[in-house]
Amino acid sequence: PQVGFQMNDEPEVLLEKRGRIGLITLNKPKALNALSLAMIHGIEPQLKAWAVDDGVDAVVIQGAGEKAFCAGGDIRELYEGRGTDFGPTYYAAEYKLNVLIHTYPKPYIALMDGVTMGGGVGMSVHGSHRVVSDRILFAMPETGIGLFPDIGASWFLPCCPGDIGMYLGLTGHRLRAADTLYAGIGDVHVPAERNDELIAALAGAEALDGDGVSSILRGFAVDPGDAPLAEHRAAIDRCFAGDSVEDILARLAAEDSDWARTQIAILATKSPTAMKVTHRQLRLGARIESIADIMAMEYRIADRCFRGHDLFEGIRAVVIDKDGAPQWDPTTLNAVSDADVDEYFEPVAGEPSFG
């Protein structure tokens, strides 16, 4: 039986049992399956129920339509909640769902087909099996809207080889299929046209454990080809190992290459505050072992962003007015002090527990 959560005429999420799997379909294709609070509230109890349901061996999540798995959190919803407690409420619910997926006791297979960014990464990358299609477009573009790479990026970006994670987090660089595998963001590449067949194979399996899922996925997997990221890997590791954003920019300047100049230009468009917060967040995240502690840190940063200037200015410039000209405050890196950055990591009164 399908259960839907009504929004207009069409349910935002479809939840169904198919054979031995629980199937989640993010169902807002026109909005690139952007993750709303209502969707989070619909998915979490169902995941918990399937975790203890003997009739469900594994969970599969997909996005409706051909354009996106999930383009991220519902940014417009966030913008309209300014001045209320919507932001902290949304982040608490989203991050708890990320932890549930990260610690899920059964195989959780994410079909990362099309745009997979921000909150969509949180719904997929924490799963046990990450399947990327030929249409995937992965990014953590948050610094461009005055935010930071959240949804557990403090855990998974430092896990990327070398300093790829810092590069992705600061620049918002977009990855296609081969690059997601190279960066350790995805596990296998399956062409989008075979996704329905893959779901049918998983649903039709007599019993599914992690090894069984991996075996089925191997049968569908194809080589995505060479990773463009590999070409710049040495330069990424040289430059993005810097111990501050200013140091990274100095190292890029010293490279004196077209690629490095492009990165400097990209970083010049990002929120100076968001970049400094992100740099510290990812360096700290590399040393934090528990996902609950990771999410507690990110909640504090998100709460502070929601009470600040750059997040709403970034959303205004990119999503609302679409003028592409955010007026960051402060406007330069050297105007953002260590004390300013410290504020983002301070405990918040009444903060939720993610353990």
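A salt bridge is here a side-chain nitrogen of Lys or Arg within 4 Å of a carboxyl oxygen of Asp or Glu, and by this rule the count comes to 24 salt bridges. The structure is a predicted model, in which local features need pLDDT of at least 70 and side-chain atom pairs count only at pLDDT 80 or more, while totals for chains, interfaces and linings use all residues. Residues are numbered from 1 along each chain as its sequence is written, and side-chain values use heavy atoms, with hydrogens and water left out. Helices (H or I, at least four residues) and strands (E, at least two) are DSSP runs, numbered from the N terminus.

- Side chains of opposite charge can pair when their charged atoms come close.
- Glu 255 belongs to helix 12 (residues 245-255) and Arg 238 to helix 11 (residues 233-239), so the pair ties together parts that are 17 residues apart in sequence.
- Relative accessible area sorts residues into buried (under 20%), exposed (over 50%) and partly exposed in between, with a 1.4 Å probe and protein chains only. Glu 255 counts as partly exposed at 23% relative accessibility, and Arg 238 also counts as partly exposed, at 46%.
- Asp 113 and Arg 135 likewise meet through their side chains in a salt bridge of 2.7 Å, N to O. Because Asp 113 lies in the loop between strand 6 (108-112) and strand 7 (115-117), and Arg 135 in the loop between strand 8 (129-132) and strand 9 (137-139), this pair ties together parts that are 22 residues apart in sequence.
- Asp 113 is buried, with a relative accessible area of 9%, whereas Arg 135 is partly exposed, with 30%.
- Within helix 13, Asp 258 and Arg 261 are 3 residues apart, about one turn of the helix, and they form a salt bridge whose closest N and O atoms are 2.9 Å apart. Asp 258 counts as exposed at 58% relative accessibility, while Arg 261 is partly exposed at 43%.
- Salt bridges that share partners also join Glu 313, Arg 316, Asp 321 and Asp 323 into one network.

- Just after helix 6, Gly 172 takes a positive phi of about 70°.
- The axes of helix 6 (residues 164-171) and helix 13 (residues 258-267) come within 10 Å and cross at roughly 45°. The axes are lines fitted to C-alpha atoms, for helices over the stretch in contact, and the angles run from 0 to 180 degrees between N-to-C directions.

**Strand 4 and its partner**

- Strand 4 (residues 58-63) is mostly covered, with 6 of its 6 residues buried. Ala 58, Val 60 and Gln 62 point one way from the strand, and Val 59, Ile 61 and Gly 63 point the other way.
- Strand 3 (residues 21-26) runs parallel to strand 4 and is joined to it by 6 bridges, where pairing requires that DSSP finds at least two bridges between two strands. Leu 26 stands opposite Gly 63 in strand 4.

**Backbone features in the loops**

- A cis peptide bond, with omega of about 0°, joins Asp 329 and Pro 330, and Pro 330 is placed in the loop between helix 16 (310-320) and helix 17 (338-343).
- Lys 322, in the loop between helix 16 and helix 17, has a positive phi of about 55° although it is not a glycine, and it counts as exposed at 59% relative accessibility.
- Asp 256, found in the loop between helix 12 and helix 13, has a phi near 55°, a positive value in a residue other than glycine, and Asp 256 is exposed, with a relative accessible area of 57%.
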